[in-house]
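Dear colleague,

Please find below the structure I promised to pass on, together with its sequence. My notes on it follow directly after.

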Amino acid sequence: MLTRRELLLLLAASACSRSERAPVVTSAAPSAVRPAPKASCEGGELVTWDFDGVASRVAILKPKGASGRFPVLVALHGHGEAIKGPDRGCLGWPNDYALVRALERVCAPPLTREDFEGLVTDAHLAEINGELAKRPWSGLVVVCPYLPDLDLRKDDAIRDYGAFVAQTILPRVAREMPARAGAASTGIDGVSLGGAVALRAGLAMPETFGAVGALQPAIDEGQVADIVALARKRSPAPLRITTSEDDYYKKPVHALDDALRAASVAHDFAELPGPHDYIFNRGAGAYEMLMWHARVLA
């Protein structure tokens, strides 16, 4: 029979053991989100294609471990990858911006602050996890063409690039990928240089791109009026612009948001935490782009 002292020691050890095993509960909203059932996917399978033309190499992330046909997202990289050349540049989103990781994680929520490189508010993280819990990730075919270092002052260079994507790359995607064809199932997006090109090429080609987004687009205030004019012609098709707290282009992006509002052009706008740098692309940028296009192209 245990003495009183032995019994107290045993109870204390048991309580200590339970404390070590118990989960740590914080005030962060994501801890309250129940994990969604794992979606019928395992991220993205990377393939590359070669072309003769403006975009000489294309990387594609197609859903793996899933069946059916999926919406298409054309994702354009930034200036840093443009100067690396086609072989490395087309891997900007899959590798340098960790889009392969992002596609794996949206298949197995909940997402964490670490997935966003720490650059996310509790409220926004809870919102994304809530969306994934309600509607598990169903997949996108993400097309990542090499984007040359285009002169953004020359409309014809952007027009020619957009035409190459629309007339050469996307038809092959429709033939060889599990893709849903048509503008209603095709979006274009990009970051920095890629964001500026996505805005101007995408808005100018409503017959090809049903949704247009831009992350930290490399625009100046002198280009705002032209972008708004393009957007008014295709409104109310889905449009999203995103900047960040320490984005080089924060001021002109805000000016674009204001001008779109003044012109009554429906669009989504967000200012997220983070700099104009790779850490933003690998976290908030990647998830913002994926989640928005999955939502509007569904």
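This is a predicted model: local features need pLDDT of at least 70, side-chain atom pairs count only at pLDDT 80 or more; totals for chains, interfaces and linings use all residues.

E5 spans residues 186-190, and five of its five residues are buried, so the strand is mostly covered. In a regular strand, side chains alternate between the two faces of the sheet.

E5 has a parallel pairing with strand E3 (residues 72-76), made over five bridges; within it, threonine 186 of E5 is the bridge partner of valine 72. E5 also pairs with E6 in the parallel sense, here over two bridges, and glycine 187 has alanine 211 in E6 as its bridge partner. Together, E5, H8 and E6 make a right-handed β-α-β unit.

**The sheet as a whole**

The open sheet is formed by eight strands in the order E1-E2-E4-E3-E5-E6-E7-E8, with mixed pairing. Strand E1 (44-50) and strand E8 (268-275) stand at its edges; each has a single partner strand, so one side of each is left without a neighbour in the sheet. On average, and ignoring direction, neighbouring strands are turned by 20 degrees against each other.

An antiparallel pairing is found between strand E2 (residues 57-63) and strand E4 (residues 141-145), over four bridges. Alanine 59 stands opposite cysteine 144 in E4.

**The cysteines**

How many disulfides does the structure hold? There are zero. For cysteine 144, the closest cysteine sulfur is that of cysteine 90, at 8.0 Å, which is too far for a bond, given that a disulfide requires sulfur atoms within 2.5 Å. Cysteine 90 is buried at 1% relative accessible area, and cysteine 144 likewise counts as buried, with 1% relative accessibility.

**Helix H9**

Helix H9 (residues 224-234) has Val224, Ile227, Val228, Ala231 and Arg234 as buried residues. Viewed down the axis of H9, these fall within an arc of 125 degrees, so they line one face of the helix. Ala225, Asp226, Arg232 and Lys233 are exposed, and they lie on the face of H9 turned away from its buried side. The cover over the buried residues of H9 includes helix H8 (193-204), strand E6 (211-215), strand E7 (239-246) and helix H10 (250-262). H8 and E6 also belong, with E5, to the β-α-β unit described above.

With kind regards

Conventions:
Residues are numbered from 1 along each chain as its sequence is written. Side-chain values use heavy atoms; hydrogens and water are left out. Two strands pair if DSSP finds at least two bridges between them. Axes are lines fitted to C-alpha atoms, for helices over the stretch in contact, and angles run from 0 to 180 degrees between N-to-C directions. Buried means under 20% relative accessible area, exposed over 50%, partly exposed in between (1.4 Å probe, protein chains only). The arc is that of the directions from the helix axis to the C-beta atoms. Contact means heavy atoms within 4.5 Å. A crossover is right-handed if, with the strands pointing away from the viewer, the path from the first strand over the helix to the second runs clockwise.
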